[in-house]
Amino acid sequence: MGVYVLRRVLLTVPTILGTSVLVFLILHLAPGDPAMIVAGPTAPPDVVANIRTHLGLDQPVLVQYWRYISNALRGDLGRSILTRRSVSEEVATAFLNTFELVIAARIWSLLVAIPIGVVAAVKRQSIFDKLSMVTALLGLSLPIFWIGLMAIWLFAFQLGWFPISGRGGPIWSADGLRHLILPALTLGGIQIPALARLTRSSVLEALGQDYVRTARAKGLAERLVVAKHALKNALLPVVTIVGLQFAGLLGGAVVTETIFSWPGLGRLAVTAILTRDFPVVQGTILVAAVTFVTINLLVDLVYAVLDPRIKYT
Amino acid sequence: MDRRDGSVSAGGRGSDAWRRLIRDRAAMVGGWCTLALVLMALFAPAIAPYDPIKVNMRERLQGPTAKHLLGTDQFGRDILSRIVHGTRISLTVGLISVGIGLGVGTTLGLLAGFYRRLDYPITALMDVLLSFPQILLAIAIVAALGPGIFNAMIAVGIGAVPAFTRLTRSSVLSIREHDYVEAARALGASNPRIILRYVLPNCFSPLVILGTLSLATAILAAAILSFLGLGARPPMPEWGAMAAEGRGFIAQFPHIATFPSLAIFVVVLCFNLLGDGLRDALDPRLKE
């Protein structure tokens with residue numbers, strides 16, 4: 001177990017390094033001169049040259065990468081071209097906002113999807129099963145922005161229950177919570193279909209196992225068979241998908257945050273791309289990718305704890 | 001293909017799969033809808049009642065009427081006509097993105113699976129690409145190339161590469177151990193010949209399944225990029241961009257954003273149904 005954990009953690013290092021190289025290269029090989037963008041279109045050539053030297057853009061790419069990565073490791077991701085604020089600070093604030101949104105979305109999607117999936121599996125071929133699975137299939141194909149826009153239309157404009165957009169007060173205040181609900185409903189809602197379908201097939205598989213038959217044969221109540229024997233084993237793949245779905249959540253957060261003007265990483269990244277604020281683009285994407293890799297690592301480790309059969313090979 | 005070599009034969013398995021596919025009602029719905037969409041895209045100018053980008057301020061912001069079946073937008077453009085023309089854009093985007101993913105991904109997967117020396121670098125690169133959530137990778141690439149529908153296609157296509165690479169690689173790893181590959185090698189077939197004639201045809205069904213399902217994902221991803229302002233730009237009748245334009249009018253005129261969103265929904269659903277059906281038909285073991 002200890003060896004597995006160590007190896008799995010060590011394997012993450014090259015991935016994160018590769019990720020940082022990729023983010024760095026993508027933006028450095030991009031057409032357009034960052035120095036020109038900083039200086040503005042009308043700047044005289046010597047000013048542009050000065051900025052280029054100042055930003056280290058006249059150095060070889062390797063040197064630039066080394067400088068970027070060693071600064072990044074110290075928590076310095078450069079400065080925003082637009083606001084001149086430290087990218088690390090902007091990213092940290094946005095990160096917390098995205099974190100709140102993603103966790104809220106995750107909690108409510110799990111609360112809805114897992115019961116639906118379990119009931120659909122236990123009552124296989126029932127009306128509930130068919131109806132919920134058809135709904136799930138339809139839900140999988142809905143574009144997330146439409147769900148968000150409809151949530152705004154219904155709950156903000158028609159019913160007036162929640163604010164249209166923005167962050168409101170801190171998360172623990174009533175105002176902050178009111179602002180959180182619609183974006184979290186949207187982001188979590190889009191995850192429910194896949195999660196419910198997976199829970200259903202996972203529970204179905206567990207219900208077909210020998211140990212479930214044994215449990216039934218010894219006269220255990222069906223409720224206990226499901227709860228104690230099937231569910232425990234069925235939730236293993238669900239844990240993986242919950243982790244993997246963080247990819248979807250981070251991706252969905254980009255859209256959700258844009259629709260609801262939620263000041264998170266996704267919105268920061270999109271705004272930065274549209275204003276060509278490269279240090280911010282680089283910082284947000286790097287942090288998002290590293291977060292994602294870390295979550296995958298945690299999922300693997302949790303998986304190993306839940307299933308003692310897993311050994312690293 | 002010759003059955004004596006033990007590889008896939010067109011007759012038996014293929015016709016079984018076809019029979020399973022046409023018995024699958026959901027897949028057939030997906031298939032017919034896809035056909036209808038392709039026809040709509042091909043004959044868009046003949047089907048659309050109005051010019052999709054012609055501004056007509058006198059008829060702006062109308063709900064569905066007999067004259068404009070799906071209403072008009074803030075510039076008085078006929079939403080139905082825009083959606084019909086948008087079919088062309090969405091299908092093209094889907095095909096080109098998946099084409100990039102399939103072409104690059106399959107090639108890399110074949111190389112990684114067949115040549116041990118290339119396996120580690122290719123797998124490592126894919127691990128790095130997979131460490132980005134797909135839409136985020138697409139956003140990063142658009143950030144580098146600049147916003148626009150063409151760059152969005154490239155971005156979505158690159159985002160699709162790892163899935164195809166992994167699938168092909170794992171298929172190759174199992175296929176290369178088969179006797180018929182061994183036999184071909186013993187007969188003096190060169191590596192490229194073995195790959196093209198024996199290995200690739202046997203990866204065919206999983207690739208078709210992934211390709212179809214990827215069309216759905218790619219169209220959705222490109223629409224999302226356009227919605228964010230990173231893909232198609234106005235006045236192009238791209239559905240994601242249309243939904244974004246309707247966003248400002250959502251309080252009073254939700255139809256402007258809703259109809260293009262529903263169009264995306266229908267297309268994505270069609271390809272999902274068809275892809276699920278193909279999976280069940282071509283690889284019945286995967287069926288729950």
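Is Ala160(B) buried or exposed? Ala160(B) is buried, at a relative accessible area of 11%; buried means under 20%, exposed over 50% and partly exposed in between, with a 1.4 Å probe and protein chains only. This is a predicted model, where local features need pLDDT of at least 70, side-chain atom pairs count only at pLDDT 80 or more, and totals for chains, interfaces and linings use all residues. Residues are numbered from 1 along each chain as its sequence is written, chains are lettered from A in the order in which they are written, and side-chain values use heavy atoms, with hydrogens and water left out.

**Chain B overall**

- Chain B has 12 helices and zero strands. Both are DSSP runs numbered from the N terminus: helices are H or I with at least four residues, strands are E with at least two.
- Along the sequence, the pattern of chain B reads α-α-α-α-α-α-α-α-α-α-α-α.
- The C-alpha atoms of chain B fill a box of roughly 75 × 45 × 30 Å along the principal axes.
- Of the 288 residues in chain B, 53% are buried.
- Contacts are heavy atoms within 4.5 Å. In chain B, 72% of the contacts with a separation of 6 or more are between residues 24 or more positions apart.

**Ala160(B)**

- Ala160(B) sits in helix H7 (residues 149-175) of chain B.
- With neighbours within four places in sequence left aside, Ala160(B) is in contact with Gly101(B) and Gln134(B).
- Arg60(B) is 100 residues from Ala160(B) along the chain, and their C-alpha atoms are separated by 39 Å.

**The interface of chain A and chain B**

- The interface brings 45 residues of chain A into contact with 42 residues of chain B.
- The size of an interface is often given as the accessible area lost when the parts come together. Here the two chains bury about 3700 Å², with 79% of it on carbon and sulfur atoms. Buried area is the accessible area (1.4 Å probe) lost by two parts on being put together, summed over both.
- One salt bridge is counted between chain A and chain B. The rule asks for a side-chain nitrogen of Lys or Arg within 4 Å of a carboxyl oxygen of Asp or Glu.
- Arg197(A) forms a salt bridge with Asp276(B), with the closest N and O atoms 3.9 Å apart.
- H7(A) gives the most to the side of chain A that touches chain B, with nine residues.
- That side of chain A divides into 34 nonpolar, eight polar and three charged residues. Ala, Val, Leu, Ile, Met, Phe, Trp, Tyr, Cys and Pro count as nonpolar, Asp, Glu, Lys and Arg as charged, and the others, Gly among them, as polar.

**Aromatic pairs**

- Six aromatic pairs are counted over all chains. Rings of Phe, Tyr and Trp (its six-membered ring) pair if their centres lie within 6.5 Å; planes under 30 degrees apart are stacked, over 60 edge-to-face and the rest tilted.
- Phe24(A) and Tyr65(A) pair edge-to-face, at 5.3 Å centre to centre and 70° between the planes.
- This pair links distant parts of the chain, 41 residues apart: Phe24(A) is in helix H1 and Tyr65(A) in helix H4 (residues 61-73) of chain A.
- Phe24(A) and Tyr65(A) are both buried.
- Ring pairs link Phe24(A), Tyr65(A) and Tyr68(A) into a cluster.

**Ser86(A)**

- Ser86(A) lies in the loop between H4 and helix H5 (87-122) of chain A. Ser86(A) is buried, at 16% relative accessible area.
- The side chain of Ser86(A) reaches the backbone nitrogen of Ser88(A) at 3.3 Å. A polar contact is a pair of N or O atoms within 3.5 Å; within protein, one must be able to donate a hydrogen and the other to accept it, and residues adjacent in sequence count only if both atoms are side-chain atoms.

**Backbone exceptions**

- Most residues other than glycine have a negative phi, and most peptide bonds are trans.
- A cis peptide bond joins Pro234(B) and Pro235(B), with omega about 5°.
- Arg276(A) is not a glycine, yet has a positive phi of about 55°. Arg276(A) is partly exposed, at 29% relative accessible area.
- Leu61(B), also not a glycine, has a positive phi of about 50°. Leu61(B) counts as buried, at 17% relative accessibility.
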